[in-house]
Amino acid sequence: MDRLKNKVAVVTGAALGLGQAIAIRMAGEGAALAVLDLLEDDARALAARLTAAGHPARGWRCDVSDETMVARVMAEVVDHFGRLDILVNNAGVAGVNKPTHEITEAEWDWVQAINVKGVFFCTKHAIPHLKAAGGGSIINLSSIYGLVGGPDVPPYHASKGAVRLMSKTDALIYAPDGIRVNSIHPGFIWTPMVEHHLQTTDDPEAARQATAALHPLGHMGEPDDIAWGAVYLASDEAKFVTGSELVIDGGYTAR
Ligand code: NAD
């Protein structure tokens, strides 16, 4: 109930999917929630839902690939809640599912702008506030696709590999400030992203079953499987954990 009591958390891409589950679980553990998303109405609706349940929360429209907007929203979050302790860099896109030789420069750049530069911008503009709070926790959503290859979505693989090492570099840079930085590596979790991804295949139902079978536990994960990992990394229970990779993948990468 109180694992994140008195902490203020920003979750990006929090309107849907994993970000929404992370925001709900963090609020349930006592954190005040800044719900950021491109989808302003959905972000505000989730914040209203949290507030109605007794948790301090507010929604913002924030495009993580827009540095000016990110800087402004981070400042507004601290103006509103008084501090910042937790940043979850969750916003991300799968991008086109084509072989490398068919991908345009614009398609490549779009994925990097959100998945890589978005993490950079949010981290850059959260750090001064985390330092002012005397430390904090940054949690970056990488993927199993940031650990191992797969025959699909090449720009996404590149972006999630980058996020894995950005997390370790920032863990080392900001350890003296008491700011911990870790990455989470989910297997396939049933969210709108995965639903859309499977719909790009010839037979989405067969693809869903085949994807589930890639996980030794025999099924895809649920958003809460990731949300509880994020709660742990954000909490003081993880006070000695930084630069680590939390793999939550039903055994996908254990082979
Ligand atoms: P999703 O597509 O279901 O939700 C992503 C959210 O991010 C949406 O609310 C969307 O509006 C928002 N968003 C997109 N672009 C944005 C931008 N520029 N600025 C702000 N918000 C933006 O995705 P998800 O499955 O919940 O994935 C969340 C994160 O977890 C992503 O980084 C994804 O790469 C990662 N991940 C997901 C899975 C999975 O199986 N679902 C596996 C591994 C990693």
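This is a predicted model: local features need pLDDT of at least 70, side-chain atom pairs count only at pLDDT 80 or more; totals for chains, interfaces and linings use all residues.
Before you start: residues are numbered from 1 along each chain as its sequence is written, and side-chain values use heavy atoms, with hydrogens and water left out. Local features need pLDDT of at least 70, side-chain atom pairs count only at pLDDT 80 or more, and totals for chains, interfaces and linings use all residues.

**Stop 1: the ligand**

Select the ligand. How many residues surround the ligand? There are 29, and the closest are Asp37, Asn90, Tyr156, Ile189 and Thr191. A residue is near a molecule or strand if one of its heavy atoms lies within 4 Å of it.

Now look at single atoms. An oxygen atom of the ligand lies 2.5 Å from a polar side-chain atom of threonine 191. At asparagine 90, a polar backbone atom is 2.8 Å from a ligand oxygen atom. A nitrogen atom of the ligand is 3.0 Å from an N or O atom in the aspartate 63 side chain.

**Stop 2: aspartate 63**

Stay on aspartate 63. Its place is the loop between β3 (57-61) and α3. Helices (H or I, at least four residues) and strands (E, at least two) are DSSP runs, numbered from the N terminus.

Show the side chain of serine 65. A polar contact of 2.7 Å joins it to the side chain of aspartate 63. A polar contact is a pair of N or O atoms within 3.5 Å; within protein, one must be able to donate a hydrogen and the other to accept it, and residues adjacent in sequence count only if both atoms are side-chain atoms.

Which residues does aspartate 63 touch, leaving aside neighbours within four places in sequence? They are Leu38, Met69 and Val70. Contact means heavy atoms within 4.5 Å.

**Stop 3: α3 and α5**

Select residues 67-81 for helix α3 and residues 117-132 for helix α5. Two packed helices are described by the angle between their axes and the distance between the axes. Here the angle is about 30 degrees and the axes are 9 Å apart. Axes are lines fitted to C-alpha atoms, for helices over the stretch in contact, and angles run from 0 to 180 degrees between N-to-C directions.

α3 and α5 are therefore roughly parallel to each other. Angles under 35 degrees count as roughly parallel, over 145 as roughly antiparallel, 65 to 115 as roughly perpendicular and the rest as oblique.

Color the contact residues. α3 brings Glu67, Val70, Ala71, Met74, Ala75 and Val78. α5 brings Phe121, Cys122, Lys124, His125, Ala126 and His129.

**Stop 4: α1 and its two partners**

Select helix α1, residues 17-28, and helix α9, residues 223-234. Their axes come within 8 Å and cross at roughly 50 degrees. That makes α1 oblique to α9. Among the contact residues are Leu18 and Ile22 of α1, and Trp228 and Val231 of α9.
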